[in-house]
Amino acid sequence: MIYLRKNDSIEDLLEFAMKEQKFIYTDELRAIGKTTALINFAKKHNYGVMVYSLRMAKELIKKLNNILIFLNKFIFIIF
C-alpha cells in the first residue's frame with residue numbers, strides 16, 4: 001500500500017501504483033485534486049471511471065469527452 005501525503009504528486013503516485021500493482025491510501029485528505037487526477041489518469045490510459053451517484057455521472061458527462069463512466073447498472077459512453 002502506498003500512502004498519499006498532502007504534497008505528493010498524485011499523477012506520479014498513480015503511475016507508480018499501476019506499475020507496482022499497489023493501492024493508494026489517501027487518509028481522508030480533502031480538496032487536493034484526487035478526483036481530477038484519477039479522471040486524467042483514466043483518460044490518459046483509456047480506462048473507465050466508476051462513480052457512486054447519478055449526480056456525479058451527470059457532472060462528468062458535462063465536463064468530459066471520450067470517457068467511459070460506470071454507475072451501478074448503467075454505462076455512459078461519452079463522445
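Predicted model: local features only at pLDDT ≥ 70, side-chain atom pairs only at ≥ 80, totals over all residues.

Analyst: The residues concerned within helix 2 are Ala 37, Ile 39, Phe 41 and Ala 42, each of which is buried. To place the helix in its setting, the chain contains three helices and five strands, and these follow one another along the sequence in the pattern β-α-β-α-β-α-β-β. Of the 79 residues in the chain, 28% count as buried.

Two of the buried residues of helix 2, Ile 39 and Ala 42, belong to the largest nonpolar core, which has 11 residues and also takes in Val 49, Val 51, Met 56, Ala 57, Leu 60, Leu 64, Ile 67, Ile 69 and Leu 71. Helix 2 (34-44), helix 3 and strand 4 (68-71) are the elements that give two or more residues to this core, and helix 3 gives the most, with three residues. Apart from this core lies another one, of eight residues, among them Ile 2, Ile 10, Leu 13 and Leu 14.

Once its neighbours within four places in sequence are left aside, Val 49 is in contact with Ile 39 and Ala 42, with Leu 60, and with Ile 67, Leu 68, Ile 69 and Phe 70.

On the side of helix 1, the residue to look at is Glu 15, which lies in that helix. Glu 15 has a relative accessible area of 17%, and because the cut-off for buried is under 20%, Glu 15 counts as buried. Leaving aside neighbours within four places in sequence, the contacts of Glu 15 are with Phe 41, Lys 44 and His 45, and Phe 41 is itself one of the buried residues of helix 2. With His 45 there is a polar contact from side chain to side chain, at 2.9 Å.

Beyond the end of helix 2, the chain passes through Asn 46, which follows the helix and has a positive phi, near 55 degrees. Although Asn 66 and Asn 46 are 20 residues apart along the chain, their C-alpha atoms are separated by 8.8 Å.

On the way to helix 3, Ser 53 sits in the loop between strand 3 (49-50) and helix 3 (54-63). Ser 53 is buried, with a relative accessible area of 17%, and its side chain reaches the backbone nitrogen of Met 56 at 3.1 Å. Met 56 is in turn a member of the largest nonpolar core.

Together with Met 1, Tyr 3 and Tyr 25, Phe 23 makes a nonpolar surface patch of about 520 Å². For the chain as a whole, the accessible surface comes to about 6,400 Å², of which 55% belongs to carbon and sulfur atoms.

Terms used: Residues numbered from 1 in each chain as written. Heavy atoms only, no water. Helix = DSSP H or I, 4+ residues; strand = E, 2+ residues; numbered from the N terminus. Buried < 20%, exposed > 50% of the residue type's maximum accessible area, 1.4 Å probe, protein only. Areas by Shrake-Rupley, 256 points an atom, 1.4 Å probe, with all protein chains shown as cover. Patch = residues over 30% accessible without salt bridge, like charges linked within 9 Å, V, L, I, M, F, W, Y side chains within 5 Å. Salt bridge = Lys/Arg side-chain N within 4 Å of Asp/Glu carboxyl O. Polar contact = N/O pair within 3.5 Å; in protein donor to acceptor, adjacent residues only side chain to side chain. Core = buried A, V, L, I, M, F, W, Y, C linked by side-chain atoms within 4.5 Å. Contact = heavy atoms within 4.5 Å.
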